[in-house]
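This briefing is meant to be read with the sequence and the model side by side. Please look through both before turning to the points that follow.

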Amino acid sequence: MSQPRSRPRVMTLSEAAVDRIRQVTANSQAPIVGIRVGVKKGGCAGMEYTMQYAESFGPHDEVVEEKGVKILIEPTAILFLLGTELDFKVDKLKAAFVFNNPNQSSACGCGESVAITPAAHEQIETAKTA
Amino acid sequence: MTTAAIIVTERAAERIAQIVANDPDNNMLRISVEGGGCSGFEYRFDLVSNVEPEDMLIERAGAKVLVDSLSLTYLAGSEIDYVDDLMSASFKIKNPNATAACGCGTSFSF
C-alpha cells in the first residue's frame, strides 16, 4: 500500500473529548476502533449530530487521530463538520459531547438540533494546500 | 396536594445520590416546568437545600426529588430517569402529558 498523503484535519478534539473517548472506548463491550461521527436530519433546527461506536473503518471514513484516540467521520458529514472542535462538557447535572462548529448557523435550545451550512469546496481545497 | 405519582428510576436515584454526595448543602433535586424552548415548555433541574411549603417530595433510596405544585400539574405520572449513553449523560423525563417534544426532550408541549 502506498503511503497515505498528509491531509488537513476535518475536526479537532479538545483534551476533555480525548479523555472521554478514551474512557468510553475502554468501557465498550465489543472491541471498537473508534467513535463514528456523523450528521442526520432531525430535531427542530433541521440536523442532529450522531455518535456511534465504530467496530471497523468504512472505506471512505475520514479518520482523525488525537493522542491515541480515533474518530471516524462519515463521508457525507465531512462538509458539515469541517473545522469543528469536538468538546466534552461536564457540569453537575449533565455531561455531554459538544460540537463547536463554525458552519453551524443556528441551534435548538439544548443545542442537539442544529442548522449547518456546508463548507464550500474551495475551503476544503484551501485547507488541503495549507 | 395531589397524589399523582412521579416515578424516580433506580438509575436516577443513584445518580442523585452521587451528585449530592459532593454537595451536601444542596442535597435535593428540584424539577420544575417553565415556559421556553422550541416546544413551549422546558424542564429545569436545580440542586437545592430547602423544601418549600407547596412542594411534593419524592424519595427513593435516599435520593430526594422536589416538585412544586404548579409544575406537578404538568409532571403528574412522569418518570424521572438518568440516561448515560455515548453522546451524553443526563436526566430525562418521560412525561405522559407531553404531546410533542424537542429532539433532546428538554422542551415539550401539551
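A residue is called buried if 20 or more other C-beta atoms lie within 10 Å of its own, exposed if 12 or fewer do, and partly exposed in between, with the C-beta atoms placed from the backbone. The model is a predicted one, in which local features need pLDDT of at least 70 and side-chain atom pairs count only at pLDDT 80 or more, while totals for chains, interfaces and linings use all residues. Residues are numbered from 1 along each chain as its sequence is written, and chains are lettered from A and ligands numbered from 1 in the order in which they are written.

**Chain A in outline**

- The secondary structure of chain A comes to 3 helices and 9 strands, where helices (H or I, at least four residues) and strands (E, at least two) are DSSP runs numbered from the N terminus.
- Read from the N terminus, the elements of chain A follow the order β-α-β-β-β-β-α-β-β-β-β-α.
- Of the 130 residues of chain A, 30% count as buried.

**A hairpin in chain A**

- Strand 2 (residues 34–41) and strand 3 (residues 47–54) of chain A run antiparallel and are joined by 8 bridges; two strands are said to pair if DSSP finds at least two bridges between them.
- These two strands of chain A form a hairpin with 5 residues between them, and A:G43 in the turn has a positive phi of about 75°.
- Within this pairing, A:V39 has A:Y49 in strand 3 of chain A as its bridge partner.

**The sheet across both chains**

- An open sheet is formed by 6 strands in the order 1(A)-6(A)-7(A)-7(B)-6(B)-1(B), with mixed pairing.
- Strand 1 of chain A and strand 1 (7–8) of chain B stand at the edges, each with a single partner strand, so one side of each is left without a neighbour in the sheet.
- Strand 7 of chain A and strand 7 (residues 88–94) of chain B pair in the antiparallel sense over 3 bridges, and A:A95 has B:A89 as its bridge partner in strand 7 of chain B.

**Nonpolar cores**

- A nonpolar core is a set of buried Ala, Val, Leu, Ile, Met, Phe, Trp, Tyr and Cys residues joined through C-beta atoms within 7 Å.
- The largest such core has 26 residues, of which A:M11, A:V37, A:I71, A:I73 and A:L81 touch the most other members.
- A second, separate core of 19 residues includes B:A12, B:I16, B:L29 and B:V67.

**Helix 1 of chain B**

- Helix 1 (residues 10–21) of chain B packs on the sheet, and its direction makes about 70° with that of strand 6 of chain B; the axes are lines fitted to C-alpha atoms, for helices over the stretch in contact, and angles run from 0 to 180 degrees between N-to-C directions.
- Two residues are in contact if their C-beta atoms, placed from the backbone, lie within 7 Å, and helix 1 of chain B touches strand 1, strand 6 (79–84) and strand 7 of chain B.
- In helix 1 of chain B, the residues B:A12, B:A13, B:R15 and B:I16 are buried.
- Seen down the axis of helix 1 of chain B, its buried residues fall within an arc of 165°, so they line one face of the helix; the arc is that of the directions from the helix axis to the C-beta atoms.
- On the other side of helix 1 of chain B, B:E10, B:Q18 and B:A21 are exposed.
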